[in-house]
Amino acid sequence: MRLVNKAVLRLVAPRALEILQPHQVAVSVRDAGAILVSTAKAMFNHGRMDDAEATDLLLLDLSNFFNSVRRAKMLAAVREFMPELLRWTIISYGAASPLVHTKFGHVGMCESGVRQGDPMAMLLASLVLLKPLRAIEEELKRAHDEKLKK
């Protein structure tokens, strides 16, 4: 399944990039870490030197997000933003996955999160975060607009 997911990701990467930017740089972006550092420095310098009040940068470090993202939310995000991936996502994550221990055998079922090592994991997680990030962006724009009107 990993190989298939890698091929699927390669096919949908250009569209994913279209949908996700400018809200994230984790999917299909080379040197994303360097881009983040440069962007943060530029925004900081712009805000400091130009006394800009409309410069915001939100960095998220979500503890255990990949393991805890609700699959129903993931499927809803795929349905909304990349419906062409919905069938494959349902095949991959539509049902609970068995948890197997090498010594004790079947130990339970996994009903949340993405699989470790899944090439699609970052895309699926980013799609889940897209709507909240867009809402935060709109709220910041509204707050800055109100501040400029005063």
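A polar contact, a term used at the last stop of this tour, is a pair of N or O atoms within 3.5 Å; within protein, one atom must be able to donate a hydrogen and the other to accept it.

Begin by colouring the chain by confidence. The model is predicted; its mean pLDDT is 84, and 86% of the residues reach 70 or more. Select helix H2, residues 32-49, which has the lowest mean pLDDT among the elements, 72. Then select helix H4, residues 71-81, where the mean pLDDT is the highest, at 96.

Next, select helix H1, residues 2-20. Its 19 residues would span 27 Å in a straight helix, yet the end C-alpha atoms are only 23 Å apart. Centre the view on Val12: a kink of about 55° lies there, shortly before the proline Pro14. Val12 is also one of the buried residues of H1, and others to display include Asn5, Val8, Leu9 and Ala16.

Finally, move to strand S1, residues 97-101, and select Ser97, which is found in this strand. Is Ser97 buried or exposed? Ser97 counts as buried because its relative accessibility is 11%, under the 20% cut-off. Now show the side chains of two arginines. The side chain of Ser97 makes a polar contact with that of Arg71 at 3.4 Å, and another with the side chain of Arg115 at 3.0 Å.

Definitions and conventions:
Residues are numbered from 1 along each chain as its sequence is written. This is a predicted model: local features need pLDDT of at least 70, side-chain atom pairs count only at pLDDT 80 or more; totals for chains, interfaces and linings use all residues. Side-chain values use heavy atoms; hydrogens and water are left out. pLDDT is the predictor's confidence in each residue, from 0 to 100. Helices (H or I, at least four residues) and strands (E, at least two) are DSSP runs, numbered from the N terminus. The expected span of a helix is 1.5 Å times one less than its number of residues. The bend at a residue is the angle between axes fitted to the seven residues ending there and the seven starting there. Buried means under 20% relative accessible area, exposed over 50%, partly exposed in between (1.4 Å probe, protein chains only).
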